[in-house]
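Dear colleague,

Please find below the structure that I am handing over to you. My notes on what was found in it follow directly after.

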Amino acid sequence: MLQPSTRLRTLALGALAVSSALALTACGSDSNAGDPAGGGSQSTGKITCGGKGKLLASGSTAQKNAMDAWVKNYQAACKGTQINYKDIGSGGGIQEWLQGTTAFAGSDSALKPEERSRSKKVCKSGQGVDLPMVGGPIAVSYHLSGVEHLVLDAPTLAKVFDGKITKWNDPAIKKLNPKAKLPAKTIQAFHRSDESGTTENLGKYLSAAAGGAWKHPQGKSWPAKGGQSASGSAGIAQQVKQTDGAIGYFELSYAKANSLDTVAIDTGAKKPAQATTQNASRAIADAEVAGAGKDLALKLNYKTNSPGAYPLVLVTYEIACDKGNKPSTLKATKSFLNYAASKGGQSTLAELGYAPLPDGIAAKVRKTVPTLS
Amino acid sequence: MDTSPNSAPTGVRGKAVRAGDRIFRGLSRGSGLALLLIMAAIAAFLGYRAYLAVSRDSVDFLTSFEWNPQGHPPAFGIGVLAFGTAVSSVIAMLIAVPVSVGIALFITHYAPRRLAGPLAYLIDLLAAVPSVIYGLWGALFLVPYLDGLTRWLDHYLGWTVVFDMSEPGSPARSLFTAGILLAVMILPIITNVSREVFRQVPKSHEEAALALGATRWEVIRTAVLPFGRSGIVSASMLGLGRALGETMAVATVLSPGFAFSWRLLDPGSGTFAQNIAAKFNEADDFGRDALIASGLVLFAITLLVNGAARLIIARRKEYSGAAA
Amino acid sequence: MSRTDTTAPAQRSSRGGTADAGERPVGAAHRRGATDVRLAKRRLPRWSSPLVAAGSAALGCGAGAAAGWHNPVQWALLSALLFVAATYVLTAAVEGRRQAGDRVAASLVWVCFLAAVVPLVSLAWTTVRNGSGLISGYFLTHSMGGITNIQPGGGIYHALLGTLEQVGLATALAAPVGLLTGVYLVEYGGGRFAAAVTFFVDVMTGVPSIVAGLFVLSFWNLGLGFGPSGFAGSMALALLMMPVVVRSTEEMLKLVPHELREASLALGVPKWRTIARVVLPTAAGGITTGVMLAVARITGETAPVMLLVFGNPLINPDPFAGAQESLPLYVWNQYKLGNDASVDRAWAGALTLIAFVMLLNLLARAVARWKSPRGTGR
């Protein structure tokens with residue numbers, strides 16, 4: 001039995017614990033504006049806020065860096081709205097959206113027919129639509145000491161990722177890079193282990209442009225055998241950075257963030273195309289809307305050989321319901337997507353390594369977003 | 001065991017006493033019931049969902065080597081996962097058990113007295129380090145560090161298929177590395193339990209051996225190890241249970257892949273827990289049910305291991321008799 | 001236990017034999033050249049061991065360098081092998097085979113110890129070294145609001161708060177149920193119901209953490225449609241914690257001597273009051289320790305939380321509604337992002353997590369020592 005003095009002591013300790021816990025809940029801050037190391041936001045253009053609340057979204061890792069910048073600017077301007085984007089891959093994003101967990105999904109691959117029919121359950125009176133929001137070059141990055149500029153073309157890329165070309169000093173690579181000192185190292189090819197829209201775009205490009213060297217079915221899962229995998233664009237970037245002789249594919253912003261060398265693609269034009277945002281914009285400029293109604297899924301021209309166009313590109317769609325969005329998050333979703341599609345939002349993309357939408361498509365998106373309900 | 005009477009004593013205060021007793025007994029019984037119901041509900045729910053998935057599987061669930069529940073028709077099997085889990089756990093045990101027993105012997109018999117106490121304390125604390133931190137260390141420190149070792153193994157021991165690398169120079173994100181990381185993780189646990197067991201060896205046994213002129217190692221060999229054998233086994237089972245269910249550490253060092261290969265140094269494989277962590281995001285309802293099915297297999301294996309450990313402890317209690 | 005002296009008087013060593021201490025070799029077994037029987041055997045001098053160590057280290061490193069090996073680990077391994085071999089040969093020559101075996105065993109045990117200490121110390125050292133650079137008051141009181149993941153900056157306040165709330169809720173759920181179940185099993189147990197409860201508690205101990213998370217995901221988040229929340233995470237953590245609390249409560253209650261209970265009952269105290277006022281306070285120290293150790297364990301659980309709470313870069317003080325962050329999840333996510341700034345944050349978060357878990361452990365042990373029944377008054 002506790003003596004009175006020890007009882008008092010225990011009570012005092014307990015009170016101390018509870019009060020310090022309460023104090024803890026009050027002393028944190030969301031604002032990093034004063035952070036000397038980073039922080040601070042640059043709000044570009046006017047942002048019309050609408051709808052307070054918390055918004056969950058998830059999906060493509062390729063657009064994660066663009067999303068981060070948009071969310072930062074949007075939240076700086078609209079203090080009552082919180083946007084929480086989780087990068088789990090395009091496949092994961094679509095699944096979470098179809099389960100009703102998120103307000104919209106980010107995906108580099110448009111909705112498939114069966115996904116569209118499943119979306120009728122979560123969009124009670126409508127179905128899912130793809131709204132393109134950001135484009136970007138898929139950088140093929142490599143880590144090879146002593147080789148700073150590498151040129152590859154579609155058939156060679158296909159063979160590398162298919163495991164048919166296994167050494168860096170293979171004759172096919174030597175032919176495209178006569179001046180480079182290619183070592184006899186084994187090529188460590190990395191691909192995505194999760195369901196990725198980036199993988200799907202790479203597959204589409206190789207199927208279209210590799211002249212038969214890539215015969216695998218298209219889809220978000222990596223179809224070929226061999227090679228090694230990593231999860232997420234960041235995962236592949238990390239592995240390429242750490243492994244000598246590695247090659248992998250991810251959106252350009254990851255190559256920039258990790259200071260990795262990227263491959264220039266020989267499309268048959270006079271000079272090989274580097275992976276830059278302007279070159280990607282040139283390639284995306286040819287895109288046509290292939291979706292019906294409010295769905296703005298795009299068909300990209302992977303076979304382009306116009307000078308300076310980098311053909312290995314992706315476009316990320318934000319997938320929401322055309323009718324039947326969750327009422328609690330509808331206003332915030334529309335306001336945020338409006339900002340992303342606006343001139344201000346699109347102008348933040350280029351410095352990050354993304355390609356803004358071509359004007360015609362951006363205009364269509366800006367007209368469609370307000371009609372979501 | 002407990003010999004306290006189960007019936008409520010009739011006190012001088014009569015009814016009030018019985019009510020208090022009834023309430024308290026009801027509360028504690030209710031908690032037991034709640035726990036039972038929760039566990040039964042979990043088992044029923046998971047079992048049902050697993051059944052839904054496995055019944056529609058188009059290939060043999062237990063032996064196939066692919067994971068495609070979203071395919072037409074759905075095809076998924078745990079062959080690779082079972083292999084990966086078993087191999088990484090076996091490697092972990094092969095490394096961890098002898099070393100842990102060595103450390104436990106060191107702490108109880110060889111270390112200077114003043115060192116032994118803090119050392120035991122330190123290893124106790126290390127047993128509490130969360131697995132995600134082991135994962136960080138494994139991915140950022142161990143994997144690059146093991147490059148040299150894997151190349152050496154491939155070069156000198158490549159004639160054994162196990163240590164042959166298909167592509168020498170590939171990063172060490174293989175089952176071998178996962179096994180080593182798991183070994184480091186379960187070392188503190190096995191050491192702690194073994195140390196407790198060795199401390200409980202009756203002094204009379206050790207002193208008898210000493211009196212007969214045994215060297216220190218012979219004392220350990222004849223008095224300590226036989227006494228502690230079942231304790232060591234149960235400690236190993238505890239460690240094995242932890243290694244089987246380990247998710248995050250394996251997820252950081254293992255390159256995800258569904259290829260089955262005896263070449264343990266090749267990157268790419270999967271374990272049950274790592275597969276669930278990797279695939280749950282992109283799984284629809286059916287895919288999640290398939291993951292639940294694989295989780296239940298893992299659960300069953302862990303239960304078997306725990307049950308075996310408990311049997312061993314129970315048998316030892318009957319035999320030991322030396323209540324020092 | 002004192003060091004075993006390898007010299008046992010009145011023991012003869014015989015060359016090439018492992019004579020048992022009790023056996024008296026009759027006749028032969030003189031060491032070659034020895035003309036008398038000595039009571040004390042020859043022993044290697046005390047400084048021989050360090051000398052052999054130094055010699056083999058020098059030889060090992062020299063041979064390694066000569067063979068063109070550059071890795072100090074290889075030199076160390078070679079030196080260790082040479083040390084063991086040299087010890088055996090030397091001891092066998094001077095003291096005898098059994099003593100040689102004993103010394104080799106001692107060396108092996110030392111090697112085991114060093115081999116195991118190296119990775120564990122490396123882990124602790126790496127964490128401290130990489131994480132301490134970023135830890136500051138700012139880091140601990142700010143969230144990741146407004147910081148893109150490639151930028152340095154930001155903090156872990158939202159993750160700390162999330163973990164504290166989730167773990168607190170889990171303890172509030174699991175500790176009472178676990179405690180009362182333990183009380184039931186020890187004080188009222190013995191029937192078929194108690195056997196069933198014990199069985200199910202055993203089953204529950206074996207649930208892998210990710211399966212517990214998968215259950216709550218399928219049942220609560222998606223099946224019942226509640227969506228991600230900190231509370232869902234706490235439920236999975238409570239599932240993992242309950243059996244541990246039951247077991248440790250059982251152990252502690254069994255340690256309470258029967259005499260205490262019987263004395264209380266003999267004085268006319270009703271059973272429930274006996275338990276509540278005599279048994280539980282006696283075991284309180286051990287039970288608290290058990291609960292705190294269980295809390296320390298679930299604080300570091302990433303897998304179930306990863307499935308259930310969605311994660312959040314901003315502070316969410318409400319664990320019942322909306323996505324929340326958790327410290328181990330934060331460490332995992334920052335590590336996955338891979339760039340320098342986020343990996344730094346991951347290490348700092350890892351250091352905070354280890355510090356928190358260690359603190360809980362130390363507190364638990366302190367409580368155990370403070371409240372341990374010192375002298376049960378027999």
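Across the interface of chain B and chain A, five residue pairs are in polar contact, both residues of each pair being at pLDDT 80 or more. Please bear in mind that this is a predicted model.

The same interface brings 18 residues of chain B into contact with 23 residues of chain A. Between them the two chains bury about 1,500 Å², with 40% of that area on carbon and sulfur atoms. On the side of chain B, the residues B:Arg173, B:Asn281 and B:Glu282 supply 37% of the area buried against chain A, more than any other three residues. One salt bridge is counted between chain B and chain A; its partners are the side chains of B:Asp284 and A:Arg118, at 3.8 Å from N to O.

Over all chains, the count of salt bridges comes to 25. One of them joins B:Arg263 and B:Asp164, whose closest N and O atoms are 3.1 Å apart. This pair links distant parts of the chain, 99 residues apart: B:Arg263 is in the loop between H8 and H9 of chain B, and B:Asp164 is in the loop between helix H4 (131-157) and helix H5 (175-199). Both residues count as partly exposed, B:Arg263 at 32% relative accessibility and B:Asp164 at 21%.

Within helix H5 of chain B, B:Glu196 and B:Arg199 lie three residues apart, about one turn of the helix, and their side chains meet in a salt bridge of 3.4 Å, N to O. B:Glu196 is partly exposed, with a relative accessible area of 32%, whereas B:Arg199 is exposed, at 52%. In chain C, C:Glu95 forms a salt bridge with C:Arg103; C:Glu95 is buried, with a relative accessible area of 3%. Salt bridges with shared partners also join B:Asp124, B:Arg195, B:Glu196, B:Arg199 and C:Arg365 into one network.

Turning to the aromatic residues, the whole structure holds 34 aromatic pairs over all chains. The rings of B:Phe83 and B:Trp262 have centres 5.0 Å apart and planes at 80°, so this pair is edge-to-face. Because B:Phe83 lies in helix H2 (residues 79-110) of chain B and B:Trp262 in the loop between helix H8 (248-253) and helix H9 (272-279), the pair ties together parts that are 179 residues apart in sequence. B:Phe83 is buried, at 12% relative accessible area, while B:Trp262 is exposed, at 53%.

Finally, B:Arg29 lies over the face of C:Phe193, 4.8 Å from the ring centre.

Yours sincerely

Conventions. Residues numbered from 1 in each chain as written. Chains lettered and ligands numbered in written order. Predicted model: local features only at pLDDT ≥ 70, side-chain atom pairs only at ≥ 80, totals over all residues. Heavy atoms only, no water. Phe/Tyr/Trp six-rings, centres within 6.5 Å; stacked < 30°, edge-to-face > 60°. Helix = DSSP H or I, 4+ residues; strand = E, 2+ residues; numbered from the N terminus. Buried < 20%, exposed > 50% of the residue type's maximum accessible area, 1.4 Å probe, protein only. Lys NZ or Arg CZ within 6 Å of the ring centre and 35° of its normal. Contact = heavy atoms within 4.5 Å. Buried area = accessible area lost by both parts, 1.4 Å probe. Salt bridge = Lys/Arg side-chain N within 4 Å of Asp/Glu carboxyl O. Polar contact = N/O pair within 3.5 Å; in protein donor to acceptor, adjacent residues only side chain to side chain.
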